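Please keep the sequence and the structure in view while reading.

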Amino acid sequence: MMNSLLGSRYQLGQMIGTGGMADVYIAQDQRLSREVAVKILRSDLAKDPSFVARFRKEAKAAAGLNHPAIVAVYDSGEEPAPYIVMELVNGQTLREVIRELHSDGSTLPLQRSLEIAEGILAGLEYSHARGIIHRDIKPANVMITNSGDVKVMDFGIARAMDDLGATLTSTWNVVGTAQYLSPEQAVGELADLRSDIYSTGCLLFELLTGTPPFSGETPVSIAFQHASATAPRVRTFNPELPEGIETVLAVALAKKPEDRYQSAQAMLDDIARVRAGEKVLTKIASAPAFTRKSALMYGGAFLAAIALALTGFVMSGNSDNNLPQIPSVVGLSEEKARALLTDYVVTVKRAHDGVIPRDRIASQLPLATTRVKAGTSVVLTISDGPGEAIVPDNLIGMSLIDARSALTSVGLLVSQTVAAPSDQPQGTVLDVTPGVGSVTEAGSSVILTIASGEITVPNLIGVEAIQAKTLLIQAGFLIKEFYDLDSEQPAGVVIRQAPEAGTTQTIGKSVTITINKQP
């Protein structure tokens, strides 16, 4: 795919990102002479006709969104694979920001966290008013520009993926998504604009505390908690936070959509009150105890089935209604968790976790809000951090596709590719940073140096400008053009070029031509 010309218009440059369903490249829009970002769906997804149809529909809808808090979509196409052309944003994803914070156990200041939430909600208010529901709000889909602005992206792809029911498949990429699912999405029900509000609440909770409201070792266990467990109070993590923000999150994270904010603007208004030091007027709806009746309310047989798989028993009848509910301790330190679990026998184990910071509770069994007798055993898993991964020693010489698979299998990601001249086939891995055999943190990224391929620059002197440009485009070069006057040459032909004909130039680099002006 490297250095291909998409839609006879977009000259692909280096890959700047990759994910579970698409690769992102910098590209040069040949028609408008500007840099853009092109997201190309992975080949396995592109083979599904129903996905392509959904993608086409949603990409067109997303292209109609024009708001400063939304990454602009300029164009889309389907050959050689479905792709969308987007605004190129200089910055980093919110996921990258959060990972940097996790590395030293810190969180964003309250005001900055609220600013980011406001940016997301402003974009959602605009899209919701136009009938577009995002349905996959998560840190990886929020960009923070170098100037600090917030931009939401991936409206089209997110909705197409959600239609395929991909949120509960057993892949590492979906674990991250599951942490921001609304209860209705977790049990397979229809998502509306209030699902986006719930997901935004999950994201704001993480910005303020350093951990999502619910975490677990599998997507199903996380989904169960979204559908059944009450999110912990944010001030449990940081008592210095204002009471108003606790109210805002409690409303945003309500289990029933009708108990949440009914618009992004309503949540925006309350956040503005918090920032101004005013009292939040929105009331928190009272939540019913999670019994068999409420399990059926949130998904019936599906929820009962995952409850059986995760806890080893089926909650039945009303005989347990008077038993105490186990509090949620995920994200807390062991000391704070034990202080909340004095009525139970606590057993502790440790395991690596790519999301929960080291020495915080990563999961608990039985799950939060389960009703059990005092003295019941509660197993807490404490995070040892993401653990380590070793860069495979056989990457050099692989194709880009094979290298990415090899890295994924050991828990590493490709964050960037850098093209370099080589006589190896185009896309062959030449080097990796950190080097092969290096021990690094699981979940972290590597940079691959790949063969770009080189080609001889054609002789363009005396060639008509249109024909010269066609030759360069077909050969895979970018074009820079200037005009000058040579009275001895016909108007409209190339009178100078750089590099000279016969020299080799890396595919994707620029060739400069000077075109003779009219006298």
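In which sense do E19 and strand E22 pair, and over how many bridges? E19 and strand E22 (residues 510-516) pair in the parallel sense, over 7 bridges.

## Basis of the description

The structure is a predicted model, in which local features need pLDDT of at least 70 and side-chain atom pairs count only at pLDDT 80 or more, while totals for chains, interfaces and linings use all residues. Residues are numbered from 1 along each chain as its sequence is written, and side-chain values use heavy atoms, with hydrogens and water left out.

Helices (H or I, at least four residues) and strands (E, at least two) are DSSP runs numbered from the N terminus. Two strands are said to pair if DSSP finds at least two bridges between them.

## The sheet E19-E22-E20

Three strands form an open sheet in the order E19-E22-E20, with mixed pairing. Its edge strands are strand E19 (478-484) and E20, each of which pairs on one side only. From one strand to the next, the twist averages 20°; angles run from 0 to 180 degrees between N-to-C directions, and axes are lines fitted to C-alpha atoms, for helices over the stretch in contact.

Within the pairing of E19 and E22, Tyr483 stands opposite Ile515 in E22. Helix H17 (residues 465-475) lies across E19, E20 and E22 and runs at about 175° to E22.

## The sheet E14-E17-E15

Another open sheet of 3 strands has the order E14-E17-E15, again with mixed pairing. Strand E14 (413-420) and strand E15 (429-433) stand at the edges with a single partner strand each, so one side of each is left without a neighbour in the sheet. Here the twist averages 25° from one strand to the next.

E15 pairs with strand E17 (residues 445-451) in the antiparallel sense, over 4 bridges. The bridge partner of Thr433 in E17 is Ile447. Helix H16 (residues 400-409) packs on this sheet and touches E14, E15 and E17, contact meaning heavy atoms within 4.5 Å. The direction of H16 makes about 160° with that of E17.

## The two sides of helix H16

Leu400, Ala403, Arg404, Ala406 and Leu407 are buried in H16; buried means under 20% relative accessible area, exposed over 50%, and partly exposed in between (1.4 Å probe, protein chains only). These residues cover an arc of only 160° around the axis, which puts them on the same side of H16. The arc is that of the directions from the helix axis to the C-beta atoms. On the other side of H16, Ile401 and Ser409 are exposed.

## Helices H8 and H11

The axes of helix H8 (residues 193-209) and helix H11 (residues 243-252) come within 8 Å and cross at roughly 140°. Ile197, Tyr198, Gly201, Leu204, Phe205 and Leu208 in H8 meet Ile245, Leu249 and Ala252 in H11. By class, this contact has 8 nonpolar, 1 polar and no charged residues. Ala, Val, Leu, Ile, Met, Phe, Trp, Tyr, Cys and Pro count as nonpolar, Asp, Glu, Lys and Arg as charged, and the others, Gly among them, as polar.

Of the 10 residues of H11, 9 are buried, so the helix is largely enclosed by the rest of the structure. Among the buried residues are Gly244, Glu246 and Val248. The buried residues of H11 pack against H4, H8, helix H10 (234-237) and helix H12 (264-275).

## Backbone features in loops

Most residues other than glycine have a negative phi, and most peptide bonds are trans. Ser8, in the loop between strand E1 (5-6) and strand E2 (10-18), has a positive phi near 55°. Ser8 is exposed, with a relative accessible area of 67%. Arg135 also has a positive phi, of about 70°, and is found in the loop between helix H4 (110-129) and strand E8 (142-145). At 10% relative accessibility, Arg135 counts as buried.

A cis peptide bond joins Leu365 and Pro366, with omega about -5°; Pro366 lies in the loop between strand E11 (361-365) and strand E12 (377-383). The peptide bond from Ala498 to Pro499 is cis as well, with omega near 0°. Pro499 is found in the loop between strand E20 (494-498) and strand E21 (504-506).
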